[in-house]
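Subject: Structure for you to look at

Hello,

Here is the structure I said I would pass on. Please open it first, then read the notes below alongside it.

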Amino acid sequence: MSDDPSTGSGHGTEIFTASGIGRTFGSGRNQVTAVEDVSFALVEKEITTIVGESGSGKSTIARMVLGLLPVSSGTMTFDGKDVTKLSTAARIAYWRDVQAVFQDPFSSFNQFFTVRRLLNRSLRMLDRVSAKERLEEALGHVGMDLSVLDRFPHQLSGGQRQRIMIARALMLRPRLLIADEATSMLDASLRVNILNVLTDLRDELGMTVLFITHDIGQACYLADKVLVMEKGILVEQGPTDDVIFNPQHEYTQRLLADVPRLHESA
Ligand SMILES: Nc1ncnc2c1ncn2[C@@H]1O[C@H](COP(=O)(O)OP(=O)(O)OP(=O)(O)O)[C@@H](O)[C@H]1O
Ligand SMILES: [Mg+2]
């Protein structure tokens with residue numbers, strides 16, 4: 001089961017597995033293979049990052065894990081159950097267990113809606129008594145309180161918006177949180193703040209996180225394990241320290257060479 005005692009991060013229960021998953025788009029001469037034969041496991045209470053250049057297939061993997069995009073090949077399990085063939089009822093349960101935060105919280109905010117209204121949509125899935133509690137709890141996890149509820153999007157910074165999106169995901173108490181380029185729009189200090197929110201969620205709630213970025217610096221800052229994608233292929237994966245200090249694949253070495261500060265401080 002546990003393949004990695006070196007991180008010292010605990011039990012090593014695999015909450016999610018992907019075996020040989022692939023995805024193609026289009027057909028005939030227009031066919032694009034976005035992801036090919038990718039296998040990995042997400043260990044409970046760990047942060048795993050997928051890193052790779054634009055177009056390498058990261059978001060395609062995220063969307064397959066989320067069940068928003070069917071796999072063209074391979075299988076995936078959550079809690080040992082095959083999630084590529086879920087009944088409607090099981091799919092709804094899965095969509096609570098696995099929540100996501102995406103790149104641009106602007107785009108999903110209606111400018112004329114308050115934060116309360118935005119969050120209410122998720123609360124509708126809960127009964128009224130637990131709703132307020134959940135709301136307070138979720139905002140607390142991202143360092144905010146109920147006073148933010150009457151604000152409009154333009155009254156919030158990019159970092160605050162992204163923390164609200166994380167709170168929205170947390171209200172359903174997911175077991176796996178996927179963040180796809182969730183920090184890409186933020187400047188450096190706000191980015192570190194969000195990365196720290198994610199590590200707190202892991203440490204305090206035991207959240208399992210799949211974090212997706214094109215920036216190997218962020219991947220290394222945050223992750224227990226790193227998966228490196230190049231043109232749809234998973235070229236390397238391992239505990240973060242192994243990948244940083246002993247990268248096996250030439251593509252990983254190239255990505256690391258672009259992060260001079262990482263080497264200097266190592
Ligand atoms: N719906 C689609 N139809 C056709 N091709 C697609 C579709 N979605 C993704 N692709 C292609 O699949 C490949 C992988 O795309 P994907 O969005 O997964 O990359 P990414 O690693 O997330 O990139 P980025 O860092 O820019 O977000 C790309 O070549 C892309 O053009
Ligand atoms: Mg993407």
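Keep in mind that this is a predicted model.

I will begin with the chain as a whole. Among contacts between residues at least 6 apart in sequence, 68% join residues at least 24 apart. The secondary structure consists of ten helices and ten strands. The protein chain has 266 residues, and 49% of them are buried. It exposes about 13100 Å², of which carbon and sulfur atoms supply 49%.

Next, the ligand. Which residues surround ligand 1? They are Phe25, Ala34, Glu53, Ser54, Gly55, Ser56, Gly57, Lys58, Ser59, Thr60 and Glu181. Sorted by class, this shell holds two nonpolar, six polar and three charged residues. Helix H1, residues 58–65, provides the largest share of the shell, with three residues.

- Thr60: a polar side-chain atom lies 2.5 Å from an oxygen atom of ligand 1.
- Lys58: an N or O atom in the side chain is 2.7 Å from an oxygen atom of ligand 1.
- Gly55: here a polar backbone atom is involved, 2.8 Å from an oxygen atom of ligand 1.

On its own, ligand 1 exposes 640 Å², and the protein buries 60% of that.

Now the interior. In soluble globular proteins, nonpolar side chains tend to be buried together. In this model the largest nonpolar core has 36 residues. The members that touch the most other members are Leu119, Leu139, Ile164, Ile166, Leu177, Leu201 and Phe211. At least two residues of this core come from each of these elements: helices H3 (115–123), H4 (128–141), H5 (158–170) and H6 (188–205), and strands E7 (176–180) and E8 (208–213). Which element gives the most to this core? That is H5, with six residues.

There is also a second, separate core of 30 residues, and Ile15, Ile50, Met76 and Leu210 are among them.

Leaving aside neighbours within four places in sequence, Phe211 is in contact with Ile47, Thr48, Thr49, Ile50, Ala179, Thr183, Leu195, Leu198, Gln218 and Leu222. One of these contacts, Ile50, belongs to the second core.

Regards

Technical notes:
Residues numbered from 1 in each chain as written. Chains lettered and ligands numbered in written order. Predicted model: local features only at pLDDT ≥ 70, side-chain atom pairs only at ≥ 80, totals over all residues. Heavy atoms only, no water. Helix = DSSP H or I, 4+ residues; strand = E, 2+ residues; numbered from the N terminus. Buried < 20%, exposed > 50% of the residue type's maximum accessible area, 1.4 Å probe, protein only. Contact = heavy atoms within 4.5 Å. Areas by Shrake-Rupley, 256 points an atom, 1.4 Å probe, with all protein chains shown as cover. Near = heavy atom within 4 Å. Polar contact = N/O pair within 3.5 Å; in protein donor to acceptor, adjacent residues only side chain to side chain. Nonpolar A, V, L, I, M, F, W, Y, C, P; charged D, E, K, R; others polar. Core = buried A, V, L, I, M, F, W, Y, C linked by side-chain atoms within 4.5 Å.
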